[in-house]
Amino acid sequence: MTARVDGPDKVTGRARYAFEHPAEGAAYAWAVPAAIAKGSVRSVDASAALALPGVLAVLTPDNAPRLPGTADPELALFQSRAVAYRGQFVAAVVADTLETARDAASRVVVGYEQAAHDVTLTADHPGLYKPDFVNPRYETDTAAGDFDAAFAAAPVRVDATYRTPAEHNHPMEPHATVAVWQGDTLTLYDATQGPPRVAGQVAAVFGLEPGQVRVIAEHVGGGFGAKGMPRANVILAAMAARVTGRPVKCAVTRPQMFAVTGHRAPSIQRVRLGAGPDGTLLALGHDVFDQTSTLKEFTEQSAVATRHMYAAPHRRTTHRVVRLDVPTPSWMRAPGECPGMFALESAMDELAVACGTDPVELRLRNEPRVHPETGQPFSSRGLAACLREGAARFGWAGRDPAPGTRREGRWLTGTGVAASTYPARAMASRARVSVSAAGRYQVSIAAVDIGTGARTALLAVAAEALGVPADAIDLRIGDSALPPAMIAGGSMGTASWTWAVIKACRSLRDQVRARDGAVPPGGLVAQADTAADIGAQPGHARYSFGAQFAEVRVDADTGEVRVPRLLGVFAAGRIVSPAQARSQLIGGMTMGLSMALHEESAMDPEFGDYPNHDLAGYHIAAHADVLGIEAAWIDEDEPGLGPAGAKGIGEVGIVGTAAAIASAVYHATGIRVRDLPIRLDKLLRPSA
Ligand code: MOS
């Protein structure tokens, strides 16, 4: 059942995104970013800005209202004179028009006390420390057996260091907010992955009761994690609206998104694999060096996937982080698994080469039967099936011929494979379902569609659970006033929301049946809360798995890499909505291709900023970069997943893609690129 409920609105432009929401008499806020990477604001001269007709206010650390609840320092807007990173908002202009606000912002003169900054991550940085946990709450380090001794004694060893650059999420729709106060209640039209989360955090910042803030996000143009929490734009819009007594619109510009809306931190990762001659792993070590800002600790959990992917009796994973004068990193599609599996899966490919083993066989040989570190049984383990199915579909022919020897005209060609994984979890959510005497159903949940087709999936499961056609149902989402639900993040949206929706629908269906289908004049209503159900899940290790296969061509003269074929096969529970699922999976793979070949926020150590801070300098894969791409899946019927049997597919698609491409590039050229992205200069070697 595929009800395309909002497709026509989106393609005809009727669908309304946050900034487009009409607000009578709206003013516009434009932020002034810090022009130093470390130090403090000494003075703000707003006179030239205030002299422009149409300027309503200039907000600065001197005059901004005090915010009572500033637990998140990124939201403590203008509460301090300290500058933690270049681009941090230090002032803002509010004006009648967007153009005036922008012009005036350029006339605000900020004086600074500048301090020496440090923006460079190294694996031996003296400031590296062991955080108490890594994102979101994983153990920082794990160990089993005697890694050092086992690695030293292993007949075959790989010891390699991989690097991933800073990467920015860059959803098509920038972060944007329209703030409207009515007395002491605040309504926010916001580009967010989680209306209830934004409502709760904004209420805390302004010292309001949770019910005093309502967040509406009817349509959202992507997030990839960057919209998983409120950012400075939300606070700026609300503060500016408070100060001016007008509704205020605030959109973050693309260059500003490099500073204030989160990103993936760069990583340095040392992977050590010790194996027997046949590739059986004896020792497995993964040490991660990561950076965060001085404002907030966020440590990407890049070694956590290594804890469950492969069996090895002797193991160690560690994470170290250093606070630098850089923007605060945050969630970006598959935080942890994405950069971590680039390193682990590249190392597995290096081990396959060292042992002369087929890389598919190597992974099959090292599959664990239980979680190697906790001993928990896997709820299902789809990796082997994905590898076999993918190898058959792709026509995988192993590592023949030898690397760098297959040539078609000017193109060197090669193939590569890598595994993928992502945790399969769900979070407590609530839903409400009602039916009127006329037989019209309404399903309400504070879920949100960030471009994934959430409405289609939710309508499909609601219709099935109610036993009525989808067009008998009105679905209400994207509003914090609806029953609270998990954010659209962590690949948990569909799994969490469908659980609550199906539970509520079944309960209503039972009420209707108990009355032999007769709905009383006032209608019937059912509510569901999945907190207890989710707490009662059996103690399994729950993951999605996948296998990624890539074919590449490398121009022998220029080093240009093309990817004529990408195939991903995934084991991700029951696929609720096939068209949307395919789109999510190939979207993730496309982002992985982009990571492999293009994406890099290059930090200038002198300047303390990303000079390539727009979409001309920060390259994202375009249609022309994506040639043959296909996603397939293996049906899984796994107990304990919730009534939809869904595992979530927002993130597993990006995991492993870059390693598959890097391994294919190695096969094509004989050059192992261990630092992303695989730019052409890394593939050109002076000829002998
Ligand atoms: Mo995703 S990075 O958990 O929104």
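**View 1. Helices α5 and α6 lie oblique to each other in this predicted model.** Angles count as roughly parallel under 35 degrees, roughly antiparallel over 145, roughly perpendicular from 65 to 115, and oblique for the rest. Helix α5 (residues 195-206) packs on helix α6 (residues 232-244) at about 55°, with axes 11 Å apart. Their crossing is right-handed. V198, V202, V205 and F206 of α5 meet V234, I235, A238 and M239 of α6; contact means heavy atoms within 4.5 Å. This contact has eight nonpolar, no polar and no charged residues.

**View 2. Helices α12 and α13 run roughly parallel to each other.** Helix α12 spans residues 454-466 and helix α13 residues 493-514; they pack at about 30°, axes 8 Å apart. This crossing is right-handed. From α12 come A454, L458, V461, A462, A465 and L466; from α13 come W497, T498, V501, I502, C505, R506, L508 and R509. The contact divides into 11 nonpolar, one polar and two charged residues.

**View 3. The largest cavity holds about 50 Å³ of space.** A cavity is a set of points on a 1 Å grid where a 1.4 Å probe fits but cannot get out; lining residues have an atom within 4 Å of a point. The whole structure has six cavities of 30 Å³ or more. A424, R425, A426, A495, W499, Q537, R542, L641, A646 and K647 line the largest one. That lining has six nonpolar, one polar and three charged residues.

**Notes.** Residues are numbered from 1 along each chain as its sequence is written. Local features need pLDDT of at least 70, side-chain atom pairs count only at pLDDT 80 or more, totals for chains, interfaces and linings use all residues, and side-chain values use heavy atoms, without hydrogens and water.

Conventions
1 Å grid on protein atoms, 1.4 Å probe; cavity = no way out; pocket = protein on both sides within 12 Å on 5 of 7 lines; lining within 4 Å. Points joined across faces, edges and corners; volume = space filled by probe spheres on them. Nonpolar A, V, L, I, M, F, W, Y, C, P; charged D, E, K, R; others polar. Axes fitted to C-alpha atoms, helices over the stretch in contact; angles between N-to-C directions. Helix = DSSP H or I, 4+ residues; strand = E, 2+ residues; numbered from the N terminus. Left-handed = near helix turned anticlockwise from the far one by under 90°.
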